[in-house]
Amino acid sequence: MASLAASAASASATYSVPAEWRARAMIKPDTYDAFYAEAARDPDAFWKREAQRLDWITPFTKVKNTSFAEADFGIKWFEDGALNISANCLDRHVAERPDAIAIIWEGDEPGDSRIISYRDLYEEVCRLANALKANGIRKGDRVTIYLPMIPEAAASMLACARIGAIHSVVFGGFSPDSLAGRITDCDSQLVITADEGLRGGKRVPLKANVDEALAHCTSVEKVIVVRRTGTNVAMKAGRDIWYHDAVATAAPDCVAEAMNAEDPLFILYTSGSTGKPKGVLHTTAGYLVWASMTHQYVFDYRPGEVFWCAADVGWVTGHTYVVYGALANGATTLMYEGIPNYPDFSRFWSIIDKYQVEIFYAAPTALRALMREGNTWVERTSRKSLRLLGTVGEPINPEAWEWYHRVVGEGRCPIVDTWWQTETGGAMISPMPGATDLKPGSATKPLFGVKPELVDAEGAVLEGAAEGNLVITDSWPGQARTIWGDHERFFQTYFTTYAGKYFTGDGCRRDVDGYYWITGRVDDVINVSGHRMGTAEIESALVAHAKVAEAAVVGMPHDLKGQGIYAYVTLNANETGDEALRRELVQWVRREIGPIATPDAIQFAAGLPKTRSGKIMRRILRKIAEGDVSNLGDTSTLADPSVVANLVANRQS
Ligand code: 6R9
């Protein structure tokens, strides 16, 4: 098991592929090597074969047509083929196994559950697709989905895909303002929401939030409302329709639109280092090939197994692994409405026992929170059904990894630590359980077709064991194609820092075995509980407050969240920074963006460290927030070096 050499070198063990996995897995060590080599050497042949996993309406003749260079920049895969994603996720499984379970839904309250077969889901999706059409939605139109984790969320995504409408799912934790911004940016004509959401016994006023958002939006004509809790909500005549009424009269069959491989599938807003959130756009064929392939190989998935990805569909992980990858592969996908600690800290593990979950995939932040509560919450459950565990969203610290492995998985289940991003569509660097020896804290090795490289700040390529910035040098099918409405920003953001390469925004170390260790964001993005937040967004929310003159936000280490939000705030003249104002600003940010952006610390500052040209030196602010004040580096270029001592003296802990 643990290799002594590795332990001595990096204080981390190596877990070799268990014999039973080596025997049963689809991808074994030699298959990994052969597939990786073929995808690098002859991508057309490799992807032509992988694309056969989908049903095509019109077969493609061209495979890869991509360039990251400015002169001929463009990303196209399978460009003359046509297919429909909902037909791939539903119709072909209904034809073969109509009674197989597509979705197991577990509600917030234990005992509240629904089991949905592929036939049921097909009919629901067709009815809703017909209802969308009856409400004026056509191919290419945008539909915003603002729903809790209920089966209607998956049905809404698939109904859009069926008729070629582009969906934009907005996480239910976002505020009315954030929702309004995302609706307006893509000019959605229709919103699908629910009366309320339910999370950990608390109600989330989704419909009221939509009403507030729509006061600032002009594009939306219709709102479809799922009745979830049954609370009384205002229904605006001529605009708002109940979901159950809309589907009741609709036919349970709907022809799946033939979509070109490069037609848009969805927009998903994500935070960047500057400006407002970007509408990352994914297209049809390449995305689904990537979602399906990675779901199958990374999780070694076989039809019949119960797969549980604990992410919300409001994030890319929910898109790719709760919905598209899982359903494309005919999986039984588990959707859980609630939170890990309700009604108690055993909930995840009880759900695993209740449905005999075989594969469980979650964020390290949830695992750290549960680990803190002690082992008895885990040990009172059986978990015998589990055979594979996964993580996503942020680096996992080796202690949490070891706990997950030893206590949750009883040493029996490999852990796939999957590194990827909204922009990559699916997993990029990850172990495969039958092929990869594991090192706790490392996402290990690139998947087929992924060509990672480490570069230094000047762009020089680093060879062998090294640490630098992570870039990907060639296109893969699941890659985002553009930013909605701003192709230039797409190119500028990802392909100009290191010309001709996709820049991930992450720092990374590669060890002597060629394993990749993601060290975290190197740009002004922070990762709070596995959620990406742009510091610029939080800063602009803070300065929108009447008493705030200036704000600078940085990440700080946080035991549970991975990173916490530390805000330096300069007030307008004559304002005093006291506890009451601190609380008010915290509430203000929650209301402006949503609870996920709640600042963990606010430090009132007389001045911020700026260069003579007025640029805030964040490096210094980060060090102070981390409590690492002994070596603040060179402060001589500051316009007023004395602000630093003041900041150090008033640090919040
Ligand atoms: C899928 C998802 C992307 C950022 C990414 C990185 C961090 C994701 C990780 C990881 C270390 C992993 N990240 N997975 N860091 N190990 N296994 O999370 O997408 O919300 O766009 O976030 O998350 O920093 O750049 P997204």
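Predicted model: local features only at pLDDT ≥ 70, side-chain atom pairs only at ≥ 80, totals over all residues.

Modeller: Residues are numbered from 1 along each chain as its sequence is written, and side-chain values use heavy atoms, with hydrogens and water left out.

Colleague: What radius of gyration does the protein have, beside that of a compact globule?

Modeller: The radius is taken over C-alpha atoms, and the globule rule is 2.2 Å times the number of residues to the power 0.38. For 653 residues, a compact globule would come out near 26 Å, and the protein agrees with that, having 24 Å.

Colleague: What share of the 653 residues counts as buried?

Modeller: A residue is called buried under 20% relative accessible area, exposed over 50%, and partly exposed in between, using a 1.4 Å probe and protein chains only. By that rule, the buried share of the 653 residues is 60%.

Colleague: Which elements do the buried residues of helix 14 pack against?

Modeller: Helices (H or I, at least four residues) and strands (E, at least two) are DSSP runs numbered from the N terminus. Helix 14, residues 364-371, is mostly covered, since six of its eight residues are buried, and among them are Pro364, Arg368 and Leu370. These buried residues pack against helix 13, strand 18, strand 19, helix 16 and strand 30.

Colleague: Which residues does the UniProt annotation "binding site" cover?

Modeller: UniProt positions are given in the numbering used here, with feature names shortened, and annotations may be inferred rather than shown by experiment. The annotation comes from an unreviewed entry, and the residues that it covers are Val543, His545 and Val548.

Colleague: Why does His545 count as buried?

Modeller: His545 is found in the loop between helix 18 and strand 29. Not counting residues up to four places away in sequence, His545 touches Leu581, Glu584, Leu585 and Trp588, where contact means heavy atoms within 4.5 Å. His545 counts as buried because its relative accessibility is 6%.

Colleague: Is Val543 buried or partly exposed?

Modeller: Val543 has its place in helix 18, which spans residues 535-543. Leaving aside neighbours within four places in sequence, Val543 is in contact with Val548, Ala549, Glu550 and Ala551. With a relative accessible area of 36%, Val543 is partly exposed.
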